[in-house]
Amino acid sequence: MQLTSFNSVISHYSSEIFNTMRVGFTAIRRDSGVELELSEPKNNKETALVTLAQLPNHCALLMGRLYYQDELLASLKPHLSSQRLHECSSNAATLALEIYRQFGANSLERLEGDFALVVWDVQKAQLIGMRDPMGGYSLFWTVQGDTVAFSTSMRRLLDLLPQRSLSLEYLADFLIMSGQRNEGATEICAYNGIHRVLPGTIVSAHLNTCQVERRRYWDWQQKFTLPDSSDLPEVAQQYADVLRSAVRERLHGRTLAHLSGGMDSTSVALLARDEIGTSRGSLPLHTLSLVYEELPVLVRETPYIESVLEKETEIVAHRLIADKLLDFDSFIDTPPHDEPYAGLWRWAMDCATVEVASQVGAVTLLTGIGSDEIHDLHPYYLSDLLRQGRFLKAWQETVKWARAQNSNPWGIIQPFGIEPLVTTAWLPFQPRSNKTQLNAQNDWSIPPWIRQDFAQRYALQSRTKENARNTYRLCEQVGLSITLNAIDSRPGDVLRWAVAATLGIAIAHPFLDSRVLALGLGIQKRIPPQPGRMKPILGEAMRDLLPRQITQRKRKGHFNEVYYLGLTKNLQLLEEMLKISPIDELGIFDQNILIQALHEASLGVANARQLQRLDLSLCLIKWLSMQEEWLQRKESANATFLINRARE
């Protein structure tokens, strides 16, 4: 095992991340035809992150990667020459285009991967844009008169608008979201006149009429894959096979896997190690572990990391000393991003991980993100039992969970049984107060620093009720509804396109593979959560792969230290940002109350989850403070093509 240690470098990131141009593509309908613009990373020949396919009457642009290509190539084999099949296997845009040409627009639904795609059909005078179900890469569109355009960059489309204005509807949704979303839940974008192609959706623009049609082709509630058995070992083996395939499909070039010592990332890393080990001549797997030497809670994670690495001989392991990588450090030197990002406060750690991947020459970064949605389950079925009037059964189950966790039964039945019922049936009105009351904030609160007239004009109370329904009532089972809502919040990996893509790195999350998620949902539907063991399905599936020390963990580490230390360290910076930002112009925030809340939060008067409304406000204000400079920035393409209308 080769071991490399990176010192904690990273209070400011290397300028390479910020000075590279935005990677992606744009397709614009002009009077003379359709203009295609490509912005490729420097290493695009190796990564094939942005690809183009051209034929006399068709072309396709694709950003990202397609998985399970062998199945698509097998379906194309009777229709194409061996040379064309080879082109399809090496160029994702060519593969997507041939699927479209041979089998029609509906066949695009068969594509699996992390991608944004645009197809130009000259004969039909039609531009078609689509994204994968998890929205791996962003895709926006606009219609302005006779001009129709799709782009992976919102900034590029803003140049086509007669004027630019912020969407206060979008900002209202952002400020009142429950949990953390990567992007908005609707077509509405941060700027009026720009629309997003929603994940799992195909948008068709008919250029002769400038009419736009949307068709959602993916609905998670219709995509459950029930396990072949209810027997835990058999279900776990089925899940292990599907997860292994998902990891295998994402291995491309030199790969770096995040290895935290938790069950999720360690599973992905060791599966990747095994898959690479079976391929002769392949590059070895690199891993990156964030290690802590000073923070009392997070330093306890190191033994779990060492339990994996101490006997490893087939990976190149890297450590990053991360004590100085604190939350809100990213507000110092923030990468440009199209829309407000709810996770901006933790971007320092994320950007540092990408930078290490770049330094070791990786073109693929694997993570364990997405496992919690399927495997970290709580007894929300207690709420189902209460709603059905089965009070005795609900209490018996509550007592069983309380004994397993050595806790008070009321600490179980309150959040997992009663709260979902009360929240969806009756979300109480919260009168405006000039007091911050941070320890009273929750997912359904309207914080006092949001001005009352803005809250009323944009019906924030109604929006919170809708959020509660989407959390607890997407389906009959509360636990499954929470999982579906969490999956719906995952699309739009901002780090993937705003930071990693500029360096030619593809971030991949095997747990968010559509086949893995579909089976995970089916398992949840069939097998209820059990107390006493963390992530039993995954633990059983990885039993022969993971060290026992990891599979037998009772709880995960948390990053509260990183959060509160970062908030305290950056307090003056954040306060100065609030004072000089243009927030008064929008009439959204009461600056004095917001500053008061910021100071109180730094004292630890509330837990980190109760501060999410504060985090959202700070992330939005940071984004607003970057807009003047961002709008002046010109995005250039390194390749431009014009397909003339004469071919129609």
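Q: What makes the crossing of α24 and α27 left-handed or right-handed?
A: The crossing of α24 and α27 is left-handed, because the term left-handed is used if the near helix is turned anticlockwise from the far one by less than a right angle, and right-handed if clockwise. This is a predicted model, in which local features need pLDDT of at least 70 and side-chain atom pairs count only at pLDDT 80 or more, while totals for chains, interfaces and linings use all residues. Residues are numbered from 1 along each chain as its sequence is written, and side-chain values use heavy atoms, leaving out hydrogens and water.

Q: Why are α24 and α27 called oblique to each other?
A: Helix α24 covers residues 571–580 and helix α27 covers residues 612–632; their axes come within 10 Å and cross at roughly 60°. Under 35 degrees would count as roughly parallel, over 145 as roughly antiparallel, and 65 to 115 as roughly perpendicular, with the rest oblique. The roughly 60° crossing therefore makes α24 and α27 oblique. (Axes are lines fitted to C-alpha atoms, for helices over the stretch in contact, with angles from 0 to 180 degrees between N-to-C directions; helices are DSSP runs of H or I with at least four residues, strands are E runs of at least two, and both are numbered from the N terminus.)

Q: Which residues of α24 and α27 meet?
A: From α24 come L574, M577 and L578, and from α27 come L618, I621 and K622. Contact here means heavy atoms within 4.5 Å. Sorted by class, this contact has five nonpolar residues, no polar ones and one charged. (Ala, Val, Leu, Ile, Met, Phe, Trp, Tyr, Cys and Pro count as nonpolar; Asp, Glu, Lys and Arg as charged; the others, Gly among them, as polar.)

Q: What makes F331 buried or exposed?
A: Buried means under 20% relative accessible area, exposed over 50%, and partly exposed in between, using a 1.4 Å probe and protein chains only. F331 has 2% relative accessibility, so F331 counts as buried. F331 sits in the loop between β15 (315–321) and α11 (347–359). Among the residues F331 touches, beyond four places away in sequence, are L574, M577, L618, C619 and K622.

Q: How do you know how many disulfides the structure holds?
A: A disulfide needs a pair of cysteine sulfur atoms within 2.5 Å, and the structure holds zero of them. For C189, the nearest cysteine sulfur is that of C619, 18 Å away, and C189 is in no disulfide. For C619, the nearest is that of C351, 13 Å away, and C619 is in no disulfide either. With a relative accessible area of 1%, C189 is buried; C619, at 0%, is buried too.

Q: Why is α14 called oblique to α15?
A: The axes of α14 and helix α15 (residues 410–425) come within 8 Å and cross at roughly 120°. That angle makes α14 oblique to α15. The crossing of α14 and α15 is right-handed. W395, T398, W401, A402 and Q405 of α14 make the contact with W410, I412 and I413 of α15. By class, six of these residues are nonpolar, two polar and none charged.
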